[in-house]
Amino acid sequence: MWRRVVSLSPLLSSSKSRSLNQVQVPYGFNACQFFYTQVLNSALICFIFFRFIKLISSYFAPSSGYMAISFKFWEIRAEDGVSGARRKPFVTFVLGGPGSGKGTQCTRIVNTFGFTHLSVGDLLRKEIYSDSENGSMILDTIKEGKIVSSEVTVKLIKNAIEASENRRILVDGFPRSEENRIAYERVVGVEPDIVLFFDCPKEEMVKRVLNRNEGRIDDNIDTVKERLTVFSELNLPVIKYYSEKGKLHKIDGTGTEDEIFERVLPVFAALR
Ligand SMILES: Nc1ncnc2c1ncn2[C@@H]1O[C@H](COP(=O)(O)OP(=O)(O)O)[C@@H](O)[C@H]1O
Ligand SMILES: Nc1ccn([C@H]2C[C@H](O)[C@@H](COP(=O)(O)OP(=O)(O)O)O2)c(=O)n1
Ligand SMILES: [Mg+2]
């Protein structure tokens, strides 16, 4: 290809320079000829180079490992306007114990800041009702208050992010364990941009879950107790991880919905 570019250079310069030969400048230097040979050749080389990179990145489908990382890099560059590829999404993870108000506050963020809300619990429940091969396993896991294998969950999240036209995404209820977090990073290839954590006392969370009244099979005292244990053991280490990375926004989850949203507002307003 490079040979083709080089062989095109004289063609380009000779045809143009013949008609513009008259524009002579002192010291025997032809300004127009210089322009056509140098500037246009450089532009042509750049154009062909970026077409080549684009072709290569679409040829090697990003799936895992090195190619996924390099593809991500290309996507991030693409965000800067280098190519027409899809922009990297701005991903916010929303964490908190059961009943801490994640879903409620996500709805507010969607309405105010135009995010798309991906509730991982909803994605899993949809799998149960769509009779998918994992449906009964998911149902049992949710009933017991445990966490579904990351292999299933991450695939659902990745598909949902890819299907979304919106590049501003809230992933609600994920990652719920270090296993969740590591699997996401391995498969998707990037970390979230920010992480919200709704901090709420256990008694308040239990009260809210038992009053939720959405007909959920896990909204009962036995399951919520188990979920709180799982939250302390598996989710708190994830929250600590993001806090140490400087990505965590810890929000007091007590008070009215309005009061809590007042605490959420500055996080997103600062991003505008
Ligand atoms: N600040 C609040 N005060 C009282 N009830 C709330 C508050 N925020 C949410 N709720 C209610 O508590 C229940 C759990 O809220 P939800 O948003 O579903 O929490 P999560 O998604 O964290 O489990 C819902 O019935 C919701 O209407
Ligand atoms: N990352 C996740 C998220 C949810 N789940 C399962 C286990 C959770 O108890 C249920 C319900 O999750 P959901 O986020 O809807 O629950 P809450 O809104 O916190 O009450 O789904 C999971 O296994 N892994
Ligand atoms: Mg929820």
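Helices here are DSSP runs of at least four residues, numbered from the N terminus. The model is a predicted one. Two ligands give a way into it, and a pair of helices follows.

Start with ligand 2. It has 20 residues around it. The closest are P98, V120, G121, V148 and G173. Three helices each supply at least two residues of this shell: helix 4 (102-113), helix 5 (120-129) and helix 6 (135-144). Helix 5 provides the largest share, three residues. By class, the shell around ligand 2 holds nine polar, seven nonpolar and four charged residues.

Now turn to ligand 1. Its shell counts 14 residues. G101, K102, G103, T104 and R208 come nearest. Helix 4 gives the most to the shell around ligand 1, three residues. Eight residues of this shell are polar, four are charged and two are nonpolar.

Go back to helix 5, and look at its packing. Helix 5 packs with helix 7 (residues 150-163) at an angle of about 105°, and their axes lie 10 Å apart. Angles of 65 to 115 degrees count as roughly perpendicular, so helix 5 is roughly perpendicular to helix 7. Which residues meet here? From helix 5 come V120, L123 and L124. From helix 7 come T153, L156, I157 and A160. The residues of this contact divide into six nonpolar and one polar, with no charged residue.

Key:
Residues numbered from 1 in each chain as written. Chains lettered and ligands numbered in written order. Predicted model: local features only at pLDDT ≥ 70, side-chain atom pairs only at ≥ 80, totals over all residues. Near = placed C-beta within 6 Å. Nonpolar A, V, L, I, M, F, W, Y, C, P; charged D, E, K, R; others polar. Axes fitted to C-alpha atoms, helices over the stretch in contact; angles between N-to-C directions. Parallel < 35°, antiparallel > 145°, perpendicular 65-115°, else oblique. Contact = placed C-beta atoms within 7 Å.
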